[in-house]
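Let's take a walk through the inside of a protein together. Have the sequence and the 3D view ready, and try to find each residue as we come to it.

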Amino acid sequence: MRDSERRTLRYKIENLNNLPTIPAVLKKIIKLLENPKTSLSDIGNFVTSDPALTTKVLKMVNSPVYGFPGRISSVSQALVLLGLNVTKGLLLGVSVFELMHKTMTGLWEHSLACAICSKVIAKDLNLKDPEEVSIAGLLHDIGKVALALEVPEYYQGLMEEAKKKRIPLFQVEDEHFSFTHAQAGGWMTRKWNFPRTLVDVIEYHHSPSLSKVVPDHCAVVHVADVIVKARGFGYAGDFTVPPVNPAIWEKLQLNEEKILHILKRLDEDLAESEGTFE
Ligand SMILES: [Fe+2]
Ligand SMILES: [Fe+2]
């Protein structure tokens, strides 16, 4: 891809909400997120004014993606528990769900499994914000949605190339675009004024040692992504299981016993969430 084409594609990715195929509710959500003055109560009012969105938000907060004890029945209660950063991510998560389904079969399942696995690992490691790590896991591949929407045939071709050559999709993206879905996701979410902690994980989930903002979160989502691919949950556009960066194994100190425990919890939580998001 020539430099000028690359710049144009970046511009389109950063202005994804100009696409006619973006649902009206998602356009409104992006506008709301972009405004730095948006507060938790603005988001609460927005969600409760839309019954379909309210149902989706409540389903998500009561799913194993979060794992709060007891049922949460009101949006305002949920948002207070989650805080502004996680709420912003959650809002985007529930609204890109249908787009994920449409653009790449299996991407939603991959993302959901990655969210749950990230939460399980974060809890195992006693990280401070397991809900935030979970939502970062849910959104980590959002750049793929942008690419699949902006250059659908071209991106389909890249997935076929990855399959034929048995190499990771991000490697094929890099060869063609000189950037990957991880960078694309970083560009668009930064443009939307997304919390830096989430942008960082989206941007560095394939190169976690480059993270400056939340290296722990990046390391967890990087490992969770590999685990869910190895276990065959969902489909993320290729059939490879990239190796975990050795420094990251070391950093997280995951031994065999811990991994077996994580896999068991992942299976249980996924079974529990089955059918929740259809
Ligand atoms: Fe990825
Ligand atoms: Fe992924």
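We will visit the nonpolar core, then the aromatic rings, and then the cavities. Keep in mind that this is a predicted model.

Let's begin with the core. In soluble globular proteins, nonpolar side chains tend to be buried together. Here, the largest nonpolar core has 98 residues. Which of its residues touch the most other members? They are M60, Y66, L90, L92 and Y155. The largest share of this core comes from helix 5, residues 75-103, which gives 13 residues. To see what such a position looks like, click on L90. Leaving aside residues up to four places away in sequence, L90 touches V57, M60, V61, Y66, L82 and I135. Two of these neighbours, M60 and Y66, were also named among the core residues that touch the most other members.

A pair of aromatic rings is described by the distance of the centres and the angle of the planes. How many aromatic pairs are there in this model? The count is 6. Take Y66 and F68: their ring centres are 6.0 Å apart and their planes meet at 10 degrees, so this pair is stacked, as planes under 30 degrees apart count as stacked. Both Y66 and F68 are buried. Next, look at F177 and F179. The centres of these rings lie 5.1 Å apart with the planes at 20 degrees, and therefore this pair is stacked too. F177 is buried, and F179 is buried as well. These two rings also belong to a cluster, in which ring pairs link Y154, F177, F179 and W187.

Searching the whole structure turns up 2 cavities of 30 Å³ or more. What classes of residue make up the lining of the largest cavity? There are 3 nonpolar, 3 polar and 5 charged residues.

The second largest cavity holds about 40 Å³ of space. Among the residues lining it are L16, L92, V96, I142, M188 and W192.

Terms used:
Residues numbered from 1 in each chain as written. Chains lettered and ligands numbered in written order. Predicted model: local features only at pLDDT ≥ 70, side-chain atom pairs only at ≥ 80, totals over all residues. Heavy atoms only, no water. Phe/Tyr/Trp six-rings, centres within 6.5 Å; stacked < 30°, edge-to-face > 60°. Buried < 20%, exposed > 50% of the residue type's maximum accessible area, 1.4 Å probe, protein only. Core = buried A, V, L, I, M, F, W, Y, C linked by side-chain atoms within 4.5 Å. Helix = DSSP H or I, 4+ residues; strand = E, 2+ residues; numbered from the N terminus. Contact = heavy atoms within 4.5 Å. 1 Å grid on protein atoms, 1.4 Å probe; cavity = no way out; pocket = protein on both sides within 12 Å on 5 of 7 lines; lining within 4 Å. Points joined across faces, edges and corners; volume = space filled by probe spheres on them. Nonpolar A, V, L, I, M, F, W, Y, C, P; charged D, E, K, R; others polar.
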